[in-house]
Amino acid sequence: MSANTSNDVQTARELGTVVADVKAEIGKRVVGQIDVIDDLLACFLAGGHCLLTGVPGLAKTMLVQSLARCLDLGFNRIQFTPDLMPSDITGSEILMEERGSGRREFNFVKGPIFANIVLADEINRTPPKTQSALLQAMQEQEVTSSGVTHKLPAPFWVLATQNPIEQEGTYPLPEAQQDRFMFSIQVGYPDAESEMLIARNTADYQNVELKPVVTKEQISAFRDLVKRVPAADSVVAAAVKLVRATRPAEKECPEDVRKYLTWGAGPRASQFLVLAARAFALLDGRPAPDVKDIHRAAYPVLRHRLVLSFHGDVEGVSVNDIIWKLIRAG
C-alpha cells in the first residue's frame, strides 16, 4: 500500500468490515449472486459505471435498490422507453410564476439523473438521442441547460440494464458509448438451492427493511484508497498485454483468436483492468493486486468491448470464450 502507512491500513480494515456488513444486509433480500455483488462493489469503489445484462426476473432492480440502501445513497430508477426524451432524464427549464409579485421566470427543475445511484432500466429501448444525454452526464458528471451547468451529486454511479433476449424495438448502444461503462456484468440464473429459498420465502424477502452501513465520508475515503493502491509493473504489463491481444492487427493477438474478432479493446480497457484489479485486491483484504486480479477483471472489463467477426458469429464463439483463450495464451 502507499507510504501513507497507518491511515491507509486503518481505512483498508474499515473497508473489509463495511463490505462484510453490506453483503450481510443485501443477503436479507437477495439470495445468492455473490459474484455479481463482488463485481458491483469493485466497480463502485473504482469509480466506474456498469452495464447489467440478464433476463427479466433475476432481481437486478432489487439488488441495485438494496445496495443503494446499504450505502445510504440517493437512488432513482428510470424506465427507458422509445418515447423518453433527454429532458425527461436531465430535467428542463420550466416557466414559473412567483407568488405575490406575479413575476415570471424560468427555473431549472432537476430530472431523475440527479441522484447518487441511477438505474437506467433497459437502456437499449430508447433512441440514441436520449441515450447520449445519459452518457454525457456519466462522462462529465454534470448537466447543462440553457447555458447553465449543474453539477451532479457525488458520488455518481450509473447502472444500466439490458435484456439479452428481446431485441425487437431496441437501439443497441454503439461500441463507443459502451466503452464508457467500466464493467459489463452478466447476471445468471440462481442455483437450485437458492431458487428453493427464493420460492419458499418470497414474502419475507420483500418485506425486509435494510439499514445503511456506511457513510458518504467513508465511501470517499475508500475510493481514494483504491487509487493509491500500488500496482507492480508486472501487473500493469499483464493488463496491457491482455488488451493488446484483443486487437486482430497486433502481433500479440493469438492466431486461433484473430479470425474471430473484428475490433478489440482500446487503451481505456487497460486503465480499467488495473483499476479493477486494485479494487478486487482491497475487497479480498490484500495490500496490492497480482496478475490473477487482472484475469478476474478481464471478463467484466472486456466482454462489451470486443466486436466479433463474421467467423465468430457463424461458429457460435462467445466473447467469454475468447477472453478465456486470451487468458490462457497469456
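**Close-up 1. Lys-23, a partly exposed partner in a salt bridge.** In this predicted model, Lys-23 has a relative accessible area of 31% and is therefore partly exposed. The side chain of Lys-23 meets that of Asp-38 in a salt bridge, with 2.6 Å from N to O. Because Lys-23 belongs to helix H1 (residues 5–26) and Asp-38 to helix H2 (residues 34–46), the pair ties together parts that are 15 residues apart in sequence. Asp-38, for its part, counts as buried, since its relative accessibility is 12% and the limit for that label is under 20%.

Close-up 2. Arg-286, which is partly exposed with a relative accessible area of 25%, forms a salt bridge with Asp-284, where the closest N and O atoms are 3.1 Å apart. Asp-284 has a relative accessibility of 42% and counts as partly exposed. Arg-286 also forms a salt bridge with Asp-293, and here the closest N and O atoms are 2.8 Å apart. Asp-293 is buried, with a relative accessible area of 2%. Through salt bridges that share partners, Lys-23, Asp-38, Asp-284, Arg-286, Asp-293 and Arg-296 are joined into one network. For the structure as a whole, the count of salt bridges comes to 16.

**Close-up 3. The tilted aromatic pair of Phe-44 and Trp-157.** A search of the whole structure finds two aromatic pairs, and the one shown here is formed by Phe-44 and Trp-157, with 4.8 Å from centre to centre and 50 degrees between the planes, an arrangement that is described as tilted. Phe-44 lies in helix H2, whereas Trp-157 lies in strand E8 (residues 157–162), so the pair ties together parts that are 113 residues apart in sequence. Both Phe-44 and Trp-157 are buried. The face of Phe-44 also has a charged neighbour, as Arg-223 lies over it at 4.5 Å from the ring centre.

**Close-up 4. The stacked aromatic pair of Phe-183 and Phe-280.** The ring centres of Phe-183 and Phe-280 are 6.3 Å apart and their planes stand at 20 degrees, so this pair is stacked; the reasoning rests on the cut-off for stacking, which is planes under 30 degrees apart. Since Phe-183 is located in strand E9 (residues 183–186) and Phe-280 in helix H12 (residues 267–283), the pair ties together parts that are 97 residues apart in sequence. Phe-183 is buried, with a relative accessible area of 0%, and Phe-280 likewise counts as buried at 0% relative accessibility.

**Close-up 5. Thr-126 in the loop between strand E5 and helix H5.** Thr-126 has its place in the loop that runs between strand E5 (117–121) and helix H5 (128–140), and with a relative accessible area of 0% it is buried. The side chain of Thr-126 reaches the backbone oxygen of Thr-81 at a distance of 3.0 Å. When residues up to four places away in sequence are not counted, Thr-126 touches Phe-80, Thr-81, Pro-82, Leu-84, Gln-131 and Tyr-171.

Definitions and conventions. Residues numbered from 1 in each chain as written. Predicted model: local features only at pLDDT ≥ 70, side-chain atom pairs only at ≥ 80, totals over all residues. Heavy atoms only, no water. Salt bridge = Lys/Arg side-chain N within 4 Å of Asp/Glu carboxyl O. Helix = DSSP H or I, 4+ residues; strand = E, 2+ residues; numbered from the N terminus. Buried < 20%, exposed > 50% of the residue type's maximum accessible area, 1.4 Å probe, protein only. Phe/Tyr/Trp six-rings, centres within 6.5 Å; stacked < 30°, edge-to-face > 60°. Lys NZ or Arg CZ within 6 Å of the ring centre and 35° of its normal. Polar contact = N/O pair within 3.5 Å; in protein donor to acceptor, adjacent residues only side chain to side chain. Contact = heavy atoms within 4.5 Å.
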